[in-house]
Amino acid sequence: MCGIVGYIGHQQAADFLIEGLRRLEYRGYDSSGVVFNNGGRFSITKTAGRIDDLAAKLHEAPIRGTIGLGHTRWATHGPATDENAHPHVGGKNIVALVHNGVIENFRALKEQLAERGYYCKSSTDTEVIAQLVAYELDLRGVPAESASAADEYAPLVEAVQAALSQLRGTYGLAMVFRDWPDVIVAARLGSPLVIGIGNDEHYLASDGSPLVGRTNRIVYLADHELAVITSQSIRVVHRDEGHVRHSETVLEIDPTQVELGGFPHYMLKEIFEQPETVTAAVRGRLNRDEATAVFGGLNLTPHQLRAIDRIVLTACGTSWHAAMVGEYLIEAFARIPVEVEYASELRYRNPPMTPSTLLFAITQSGETIDTLAALREMKRKGHPTLAICNVVGSTIAREADGGVYLHAGPEIGVASTKAYTSQCVVMSMLALYFGRMHHLSFEAGLRIIDELTELPRHVEEALDTNDDARRIAAKYASCDNFLYLGRQYNFPTALEGALKLKEISYIHAEGYPAAEMKHGPIALVDEHTPSVFIVPQGGVYHKVISNMEEIKARGGPVIAIVDKDDSHAVELADDVIRVPAVAEFLQPIVTAVPLQLLAYHAAILRGCDVDKPRNLAKSVTVE
């Protein structure tokens, strides 16, 4: 969840570290810090709070240095204090490091280290790693000058690997050393790290966004790999295989994608990018000649895919809601049984699954630890695994047997918007793809393609609801509870709308199938609890209208998301947002837009930080 940056080269490191941390602040913003290594002497500045607080400290007391590490924290162990902020040092200031992940056995290690005279000052799990590395270095007592010229860093690598072998949990680590003042060591197990290659300089980051504008040549570290990074070279060592050749890849992020572009917040920018991201999701993937979708990266033959008799969709958070949309779609179009599983539960379950069960892991970042663990567990049991992912080169994308990229571009706002609608679009195309493999007719396939082709225009129209969303948010922003209600395809939309409101405005909200209200939740209805009904025209339209009548009969305010030409629901609703009329299977995408805008404006009116909501981080890489 935390963000890591590093630099080693011939330029002053401070500017890159601060700029990089700002781009990674969505990964955590409880505290931050930097360390510079000037010839084996560490200069450390850290503080609780946002990156701006750290930048202010560095402005008041500038630090020069061409080797440095930076960190922005999402607290797991210990509160957000200056003392708990990274970097942490070990021993007699012989190592300084930053860490993303969770060390599960840190308490036992902390006790062992204390018995050896290595004491932790903070309440974090990270400081244990620093003390453990220091202990292993001291144990060997090998200063840099006595190392073999053939491999001068071998003693260092040996000590770090000895420390890592004792850790239980996940880590992305970056370290600098007193006795090796011209090197950064990075190591990874479960938490991503990317190395950027420059001219006589190298960069390090938790993901590619800090490297944009600096370099487009990158190296992804894999689990159990350790990198020895100097200004001139990168050497990668695997725990089991020894020295391995690292492969370069191209960082494909446009600089404009990580800039605000005139918007006040990334969330609003990303909401308004959805016509383009929906277009990108369908581009090149619709084949009218065969009336089907085309996917180049599934890496399973049509024969293998046709033999699939059950699909499991696994995800977390917003991606789980997209998976629910996928369940409705695939079962309707392809008649294949689908189950949606929380990845955090699936990783520890042992559900009965046939050899012809296919797993889809759905994730924006491609690094969500629970989703990754669920995918690995299913792979271990021999099931084919595919990923629906937004980040090229991410761990889940690399470990799955194949998959589909969203091509939505970087999503920086913590609350997912454009990635969610892109996931729903991909699910629609997968439903078409599997449907055409089974019983879906050519004509039905063409109709679906026609609807998908028109979808970007409809999403563009849905953005015109911005003013209505702002007006309604102003009316209800002081309420403490909301209910979100929909049926069939729009039940997942209700869940997603409620989640958006909770995430960024801190208003308690719950989503339900509209018909389930009378089985308990209707007890919550009063004049201070608005109910948001997602009620576009469709097969259950009149059923939802009846549910709306039940709320009105009990004095509850009703906000209705309806088709533009609706004349019935508007007579019941206190407030109405009109969206373009689309086929039922695409309603979750079009209706999601005003719900995103409603949450955004409610959060603004309540004075919340919409891009960095409290207690949340974008990429959940800890369990």
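Biologist: What makes you say that helix 2 lies across the sheet strands, and which ones are they?

Modeller: Helix 2 (residues 51-60) lies across strand 2, strand 3 and strand 4, at about 135° to strand 3. Contact here means heavy atoms within 4.5 Å. Axes are lines fitted to C-alpha atoms, for helices over the stretch in contact, and the angle between N-to-C directions can run from 0 to 180 degrees. Helices (H or I, at least four residues) and strands (E, at least two) are DSSP runs numbered from the N terminus. Residues are numbered from 1 along each chain as its sequence is written, and side-chain values use heavy atoms, leaving out hydrogens and water. Do keep in mind that this is a predicted model: local features need pLDDT of at least 70, side-chain atom pairs count only at pLDDT 80 or more, and totals for chains, interfaces and linings use all residues.

Biologist: Why is one side of strand 3 and of strand 15 left without a neighbour in the sheet?

Modeller: Eight strands form an open antiparallel sheet in the order 3-2-4-1-10-9-11-15. Strand 3 (41-48) and strand 15 (249-250) stand at its edges with a single partner strand each, so one side of each has no neighbour in the sheet.

Biologist: How do you know that strand 11 and strand 15 pair?

Modeller: Pairing requires that DSSP finds at least two bridges between the strands. Strand 11 (residues 217-220) and strand 15 have two, in the antiparallel sense, so the pair meets the definition. Isoleucine 218 has threonine 249 of strand 15 as its bridge partner.

Biologist: Why is serine 394 called buried?

Modeller: Buried means under 20% relative accessible area, exposed over 50%, and partly exposed in between (1.4 Å probe, protein chains only). Serine 394 has 2% relative accessibility, so it counts as buried. Its place is in the loop between strand 21 (385-389) and helix 12 (395-399). Not counting residues up to four places away in sequence, serine 394 touches Ser365, Gly366, Glu367 and Cys389.

Biologist: What makes a set of residues a nonpolar core?

Modeller: Its members are buried Ala, Val, Leu, Ile, Met, Phe, Trp, Tyr and Cys residues joined through side-chain atoms within 4.5 Å. The largest one has 97 residues, and Ile311, Phe434, Phe482 and Tyr484 touch the most other members. Helix 13 (residues 418-437) gives the most to this core, 13 residues.
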